Amino acid sequence: MITMTMNTLGLPVLLMAVLAFALGILITFVSKKFEVPVDAKTTDITNILPGANCGGCGYSGCAGYAAALASGEEKNTTKCSVGGPDTAAEVAQYLGYAGGTFESKVAQVHCQGTTEHTKPRYEYQGTRTCRNATMVNGGPGSCQFGCIGFGDCERSCEFDAIVIKDGVARIDPEKCTACGACVAECPKKIIHLIPKHEKAYINRCSNPQPAMYVKKACDIGCIGCTLCVKNCPVDAIKMEQSLAVIDQYKCIKCGKCKAVCPAHSITSGLIF
């Protein structure tokens, strides 16, 4: 039997300990040498922001918006729809800016094609997502420009502001933060952010086709009669193909467009 001496056992252990110590010093040196300094201003602004990371401000998240504000690249302190006017004011105060005017917005669905007003063209058998269904001949509904109702927008909303009612997405204006997640998620592009106003007049139809095709698809769709355009006193409505589109920034909420709309596609208020 070979007897291991203390020197034989201790030398490898000692060498390993010295090597580990040396590596520790090297790692510490490298980390300090190449350390990216934390911008205290960015950190402070990030802490002011709500941390929703929804992307509604146009940046990848709160940290991205904070970094842009801290660097001076971004001057607009009112882009956080989740934080609202209080957050905008606090960020402006921190940066020493004059407080900007915060405009509250809300997402709204431009479709009323419920099961009462539309009908299916075929029975969809695939994965029940709007995005997948859209790839199958535009979706199963009679209106290829309308809400599919499979809830992609509902799943994308972090604030539980969306529900599907009778086959159409509906947005709770009290819960909606205008983060824009549903707008980005909707494959039909029928969800829009508009100024939040309790009397908002909206043409809920998104079908730009001539009346003969619209009426076959939905009995409450815009027929392109132009009566709303002719009766608007401030030229807030224009025609895009056969679809009346209301400019929410020009609209004075007089209600004349809704009063003359024979199809009842123009509504008043933030429907939920």
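Begin by selecting K238 and E240, which form a salt bridge whose closest N and O atoms are 3.7 Å apart, the term meaning a side-chain nitrogen of Lys or Arg within 4 Å of a carboxyl oxygen of Asp or Glu. E240 is partly exposed, with a relative accessible area of 39%, where buried means under 20% relative accessible area, exposed over 50% and partly exposed in between (1.4 Å probe, protein chains only).

This is a predicted model, in which local features need pLDDT of at least 70 and side-chain atom pairs count only at pLDDT 80 or more, while totals for chains, interfaces and linings use all residues. Residues are numbered from 1 along each chain as its sequence is written, and side-chain values use heavy atoms, with hydrogens and water left out.

The count of salt bridges comes to 3. Select next D152 and R155, a salt bridge with its closest N and O atoms 2.7 Å apart; both residues lie in helix α6 (residues 152-156), 3 residues apart, which is about one turn of the helix. Helices here are DSSP runs (H or I, at least four residues), numbered from the N terminus. D152 is buried at 7% relative accessible area, whereas R155 is exposed at 53%.

Then move to K79 and E74, which form a salt bridge with 2.9 Å between the closest N and O atoms. K79 is partly exposed, with a relative accessible area of 30%, while E74 is buried, at 9%.

Now display helix α2 (residues 40-48) together with helix α3 (residues 62-71), whose axes come within 8 Å and cross at roughly 130 degrees. Those axes are lines fitted to C-alpha atoms, for helices over the stretch in contact, with angles running from 0 to 180 degrees between N-to-C directions. How are α2 and α3 oriented to each other? They are oblique, since angles under 35 degrees count as roughly parallel, over 145 as roughly antiparallel, 65 to 115 as roughly perpendicular and the rest as oblique.

Finish on helix α1 (residues 6-33), where I27 lies; I27 is exposed, with a relative accessible area of 57%. I25 also lies in helix α1 and counts as partly exposed at 48% relative accessibility. To relate I25 to another part of the model, select S142 as well: the two residues are 117 apart in sequence and 70 Å apart in space, C-alpha to C-alpha.

Definitions and conventions
Helix = DSSP H or I, 4+ residues; strand = E, 2+ residues; numbered from the N terminus.
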